[in-house]
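Please open the structure in a viewer and keep a selection tool at hand.

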Amino acid sequence: MLPQVNADELISVHVKKGTNLIHLARDYCTSRTAWKEIAQANQLKEPYIIQENSTLLIPLRLLLTEGLSAQVAYVSGSVELLETSGHRRTLKSGEHIYTGQSVVTGSDGYIQLIFPDKKFTRIEPDSQLTITYLFKLLDGAVKAELYLEQGRLVHNVKKKLKKSDSFNTRTAVSITGIRGTEFRMKMEDDSTNVVETLRGLVQLKNSDSQQVLLKKGEGSRVKQGESIAPPKPLPSSPVPPQLADVYRTLPISIKLPAMQDVKYIRLRVAKDTEGNRSVIEQLAAPDEELLIMSLEDGKYSAFFTAVNHEGFESPAAQPVSLTVRTVPAAPVISSPKNAYTSWDEKLEMRWLRSDQAEKYHTELAKDEHFNDIIENLVTDNPAYLTPRLEQGTYYFRVKAIAADGFNSNYSQHVQFSKVAQPAMGKVEGSTTEGIHLQWPVIMKNCTYDMQIAKDIHFADIFTSEAALTENSFTLDSYVAHGTYYVRIRATLENGLQSQWAPAQKLYIKPEPLTWKHAVMGLSFLALIAL
């Protein structure tokens, strides 16, 4: 529910030299007779003497005022304006917020407001802040009061307030007053809030009008119905972790420093070095990994703060640069698949084309760490043809190059092997000794298919064997002499099969002549002679 602007709200007005009640009524109020109510409100009696350089309280309804507004300087994420009517709408940069209106941020919402006279307020996620009043008196004094219903904010008053100005922030349990400072205010729950001074002094009051002055580096907690807790020192700022020059992929993993007596470390990422244009924040325990799951490409500032076990938060450490560039992404290799085996002398590598890439840088190496580079080339096309390869294992990777010269990460490397085509040396046999063939081992645990044919086209198959586990073949039976043709192919464990090796000739020699053949020949001639 929105806090209502109370017409009887008492506004402090600075008393200048030579001023009396009648002058106050004449210069500040809607009626010259308002001095009577002013006297009553301040419990003044005749002769109504007032002290110069003091303050008097005047009901808001009696004052002549000029309404002012806060300007929306920056919006990120889900941020809405809540009208006095209860209507909600999305807020945009450049808009103005007036008395009675509220700002509501979502879980990813940030907004930076600019109040008159260089007063800046950053409202953080899951917060609701209402302008209970914001106006200027006839003497130029600016009066502002805000109400933080939930969440967190940071006030930064860069220009010291004049004595007649006021800039107060209320919660359900406290009110803060400042003149020139920077401090945080957090609602932990409906009945507890924390105030932390980062610069200058903050005057903190509770509902019982108890007051505490918080100096730079001090914080206090206020609970409903209790006295203000004594100021405590804020924890020390963490030492920012070392960040990469550029993060080329998401999520981003950041190793946080170890810190004693710290519950967690907060990272807030902003688009500017002052931290006014926040976009995200993350929490993680010290000495753990902090993950940024989503962040648009760009240059940012990273602000690290430490939160102790009492809930007090340190000033931010000096911001460190955070650069994200995920476009173009590392190329995706489409062929060949990893652990591919090739019998070809050359192999073509292909990857998916990126519209954000102008060129590609390829590397071919003999080791997975790419220390033994065979070739590296820059190409315009998403393809690369290797040079002639010897038998062995190779590794390939590629990265994209944008038009501005930015290099993506390398792709996941692809491993492939070049194996020799099945081949045999000189092959021959004889009608008496049969056939014995042997060829080089292609790879471990592979099998071989072998065919012997009477013609080079292997239409007339003489014999064939499949899934031979040895790199040899023997046929001891009689084979008629003549010319045959032999070819083999290999099948790997993963089912990948080579082409048939080029056919080779197998010559089967005739049986050599012996004395038996001579006797038989002479006998045959004798029979012819008879």
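Begin with the second largest pocket, which holds about 580 Å³ of space; the model shown is a predicted one. To find the centre of this pocket, select R122, E182, L198, R268 and A316, which lie nearest to that point among its 27 lining residues. Next, colour the strands β10 (119–123), β12, β15 (182–189), β16 (192–199), β22 and β25 (298–307), each of which supplies at least two residues of the lining. The most, 4 residues, come from β12. Colouring the lining of the second largest pocket by class gives 14 charged, 7 nonpolar and 6 polar residues.

Select residues 264–270, which form β22, and then β23: the two strands run antiparallel and are joined by 6 bridges. Within this pair, I265 stands opposite A284 of β23. Now widen the selection to the open sheet of 4 strands, whose order is β23-β22-β25-β26 with antiparallel pairing. Which strands stand at the edges? They are β23 (278–284) and β26 (320–324); each has a single partner strand, so one side of each is left without a neighbour in the sheet. Looking along the sheet, one finds a twist that averages 30 degrees from one strand to the next.

Move on to the largest pocket, with a volume of about 860 Å³. Its lining comprises 39 residues, and N168, I175, G177, Q203 and K205 are the closest to its centre. Elements giving two or more residues to this lining include β13 (166–170), β14 (174–177), β17 (202–206) and β18 (211–214).

The model has 1 cavity of 30 Å³ or more, and about 30 Å³ of space lies in the largest cavity. Select V173, N206, S207, D208, V222, K223, Q224, G225 and E226 to display its lining. These residues comprise 2 nonpolar, 4 polar and 3 charged ones.

Finally, turn to the cysteines. How many disulfides are counted? The count is 0. Select C29: is this residue buried or exposed? With 4% relative accessibility, C29 counts as buried, because buried means under 20%. C446, at 5% relative accessibility, also counts as buried.

Definitions and conventions:
Residues numbered from 1 in each chain as written. Predicted model: local features only at pLDDT ≥ 70, side-chain atom pairs only at ≥ 80, totals over all residues. Heavy atoms only, no water. 1 Å grid on protein atoms, 1.4 Å probe; cavity = no way out; pocket = protein on both sides within 12 Å on 5 of 7 lines; lining within 4 Å. Points joined across faces, edges and corners; volume = space filled by probe spheres on them. Nonpolar A, V, L, I, M, F, W, Y, C, P; charged D, E, K, R; others polar. Pairing = 2+ DSSP bridges. Axes fitted to C-alpha atoms, helices over the stretch in contact; angles between N-to-C directions. Disulfide = S-S within 2.5 Å. Buried < 20%, exposed > 50% of the residue type's maximum accessible area, 1.4 Å probe, protein only.
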